[in-house]
Amino acid sequence: MARREKLIDPKNWASLKPFGIGENRPNNYAEIWHAFKENRDQLRYAWRILKEGTCDGCALGTKGMRDWTIDEVHLCNVRLRLLRLNTMPALDPALLADVAGLSRKSSAELRDLGRIPHPMVRRRGEAGFRRIGWDEALDLAGDALREAAPARFGVYMTSRGEPNENYFAAQKAVRALGSNSIDNAARICHSPSTVVLKETLGVAATTCSYTDWFGTDLIVFIGSNVANNQPVAMKYLYHAKKAGTRVAVVNPYREPGMEKYWVPSNVESAVFGTKIADAFFQIHTGGDVAFLTGVLKHLVERGWADESFIAGHTTGFEETRDLLAELSWDELETGCGLNSAEMLRLAKMIGQARRAVFVWSMGITQHEFGEDNVRAIVNLGLSRGFVGREGCGLMPIRGHSGVQGGAEMGAYATRLPGGRPFGDAAHFSELWGFEVPTAKGRTAPEMIDAAHDGDLDVLVSSGGNFLEVLPDPAYTRAALSRVGLRVHIDICLSGQMLVDPADTVLLLPAQTRYEMAGGVTETSTERRVIFSPEIEGPRIAGARPEWQIFTELAARARPEIADKVRYEGTPQIRADIARAVPSYDGIQHLAAFGDQFQYGGPHLCAGWTFPTPDGKARFSAVSPPPLHRSDGSYTVATRRGKQFNSMVHERKDSLSGALRDAVLMNPADADREGLADGDPVVLSNPAGEMRGRVLRAPIAPGNLQVHWPEGEVLLDRTRRSPQAGIPDYKGAEVVIARG
């Protein structure tokens with residue numbers, strides 16, 4: 001049972017400065033004013049979206065401005081900044097007649113031009129785009145897809161407000177075209193998590209609910225900065241701290257928002273702030289396996305592991321114990337940058353906890369050894385039986401509202417709907433009435449590789465901007481320029497649309513989730529499938545729902561099976577989802593505001609029953625990866641600032657005070673290099689170079705952080721994790737020089 005909260009708890013106050021005056025913190029009231037001004041031409045519509053819609057920001061999941069976790073109003077800065085995407089008018093199509101000037105604009109400036117009003121086409125040698133009709137556009141793309149071999153086209157879907165219905169219809173359409181080459185943003189985020197959780201626990205999602213945070217003994221955040229990416233979670237932590245929960249953070253940078261935070265809608269926190277972390281463990285970038293394995297080594301050697309749970313409900317522990325005995329403390333300390341005493345400090349916190357929740361994000365997954373990072377976390381959770389019961393869990397927290405469902409709907413190059421393997425393709429062939437291919441498709445990075453090599457004839461990109469989400473932008477730009485037909489489906493303009501065509505580029509205007517007739521659904525981090533109704537308001541007359549665009553492309557490319565891929569509306573898609581993905585049975589009944597269900601219930605693996613072949617969870621013997629850093633160099637990780645995905649909203653991050661060109665650097669490292677705050681520097685490696693300015697910060701020595709996507713130029717595109725194929729965004733080795 002969760003512990004009772006204290007009414008007032010001064011020991012958790014972050015500051016005696018009223019409202020954090022003078023501190024780096026989000027000005028939430030200014031954000032409300034900013035949203036008011038930005039949406040002043042559509043205030044009623046904007047208010048209805050906030051009040052009646054399911055949030056299109058992170059994957060915490062809401063019903064309007066409330067949720068199923070705490071009975072309070074939620075209105076976070078991320079959602080307010082995204083609001084304008086849904087209310088802005090159409091752009092002037094004359095602006096696209098010559099893209100030379102547009103190509104010099106930033107992504108934010110392109111977005112601010114307005115919505116794409118109708119289909120447009122640009123041919124090789126033409127200065128810009130001209131308007132065409134939907135039939136002409138769909139016939140053009142359908143003909144190209146019919147002529148392309150299944151191995152020579154690819155489809156990518158962003159996480160930008162995408163509902164389950166879009167993902168499901170799109171993957172079905174791609175498979176009707178004979179290919180499994182459909183991928184989505186979930187891979188760039190958490191594919192190592194889903195791979196390893198399925199392998200070790202038999203499930204591929206968070207095992208617990210947000211309510212498990214309240215009153216649990218301990219929450220451990222590893223490579224996760226919810227203050228930036230899931231602001232509503234800070235309200236959860238405020239209540240958890242008042243109920244006595246302790247918080248530990250494992251991260252190279254002492255994230256200011258994870259240290260203290262002002263929750264605007266809770267009077268006590270709004271005035272005095274809230275101390276969040278009880279302990280910080282500032283490891284080297286890439287040192288997670290070494291550190292977490294050291295923590296596990298202490299737990300095992302000191303008899304703090306739950307031997308009864310391990311013996312009765314797990315396998316692989318003996319092999320893991322043997323490896324722990326072989327690993328020296330010197331090796332572990334060198335690998336993580338902290339000494340054994342720090343590992344012991346976290347081990348004590350875990351060993352003394354009766355219940356704990358482990359939360360991680362892309363600081364864990366976006367490494368070339370991302371899967372082993374997740375295995376190390378799972379090992380810690382299993383060592384104390386912190387899974388399948390109240391107040392316990394393993395939670396890969398999601399930063400975007402579309403990614404959880406995107407993977408589960410089957411919009412993946414490596415899995416079918418429900419996470420089923422390609423060996424089950426015959427089941428879907430029978431269900432859908434056409435042959436479903438069994439060969440693995442290309443992931444998004446592999447599509448770009450194929451395009452660069454001249455092996456891709458058609459690329460359909462629903463949202464996203466490969467120039468800002470994949471390593472090595474110059475390589476990506478060259479790849480895009482070699483694709484015969486590029487089809488960009490989106491709400492507004494992005495830089496990748498303006499890359500000169502090899503032959504043809506199509507722009508197709510999409511509807512937002514709030515515009516789709518029949519409503520749509522999303523799946524939150526805690527596996528809650530939530531209905532989002534259509535919201536009354538203005539419409540872009542030429543925009544269509546993406547589910548309809550994808551199915552119509554397949555129908556025109558393969559008219560003989562058109563009746564098997566077309567849908568009448570989203571209720572029909574939800575019925576098809578329920579048939580194809582058993583865990584989503586119930587989605588067909590969601591039809592009104594507030595309708596929802598949590599598949600699997602509050603806890604997966606409840607009662608320590610694991611859906612693995614032998615019914616047991618699996619430990620993994622994981623060795624720390626070798627460090628890449630040589631003498632005189634630094635390890636640089638990319639990070640987010642005031643942004644959503646690659647969509648930058650402000651030049652300055654209100655939590656860290658860092659500008660977009662900031663190079664976060666340990667003060668001792670800066671002193672050794674003779675660098676002061678604001679000094680211009682150049683970071684370089686074989687991949688490229690980046691110019692920035694030094695910002696002394698509480699970051700582990702030998703490590704740097706720069707903003708993403710600006711830091712993409714430093715990333716080695718060939719470094720990807722072995723199973724999920726996720727690019728390495730966190731471990732580039734660089735040298736620094738005065739700029």
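Are phenylalanine 214 and tyrosine 236 buried or exposed? I looked both up in this predicted model: phenylalanine 214 is buried, and tyrosine 236 is buried as well.

**Aromatic pairs**

I found 16 aromatic pairs in the structure. Phenylalanine 214 sits in the loop between helix H7 (185-201) and strand S5 (218-222), while tyrosine 236 belongs to helix H9 (residues 232-242), so the pair ties together parts 22 residues apart in sequence. I then listed the aromatic cluster that holds both: Tyr210, Trp213, Phe214, Phe221 and Tyr236.

**Charges over rings**

I checked two arginines. Arginine 717 lies over the face of tyrosine 475, at 3.7 Å from the ring centre. Arginine 527 lies over the face of tyrosine 599, at 5.9 Å from the ring centre.

**Nonpolar cores**

The largest nonpolar core has 64 residues, and those touching the most other members are Phe168, Val487, Ile489, Leu506, Phe550, Tyr584 and Ile587. I followed phenylalanine 550: leaving out residues up to four places away in sequence, it touches Val155, Met157, Ala170, Ala173, Val460, Ser462 and Ile489. Another core, of 56 residues, lies apart from the largest one and includes Ala279, Val295, Met349 and Val374.

**Helix H26**

In helix H26 (residues 570-580) I recorded Thr570, Ile573, Arg574, Asp576, Ile577, Ala578 and Ala580 as the buried residues. Among the elements covering them are helices H6 (164-176), H20 (425-432) and H24 (546-557), along with strands S16 (520-523) and S17 (528-532).

Key. Residues are numbered from 1 along each chain as its sequence is written. This is a predicted model: local features need pLDDT of at least 70, side-chain atom pairs count only at pLDDT 80 or more; totals for chains, interfaces and linings use all residues. Side-chain values use heavy atoms; hydrogens and water are left out. Buried means under 20% relative accessible area, exposed over 50%, partly exposed in between (1.4 Å probe, protein chains only). Helices (H or I, at least four residues) and strands (E, at least two) are DSSP runs, numbered from the N terminus. Contact means heavy atoms within 4.5 Å. A nonpolar core is a set of buried Ala, Val, Leu, Ile, Met, Phe, Trp, Tyr and Cys residues joined through side-chain atoms within 4.5 Å. Rings of Phe, Tyr and Trp (its six-membered ring) pair if their centres lie within 6.5 Å; planes under 30 degrees apart count as stacked, over 60 as edge-to-face and the rest as tilted. A charge sits over a ring if NZ of Lys or CZ of Arg is within 6 Å of the ring centre and within 35 degrees of the ring normal.
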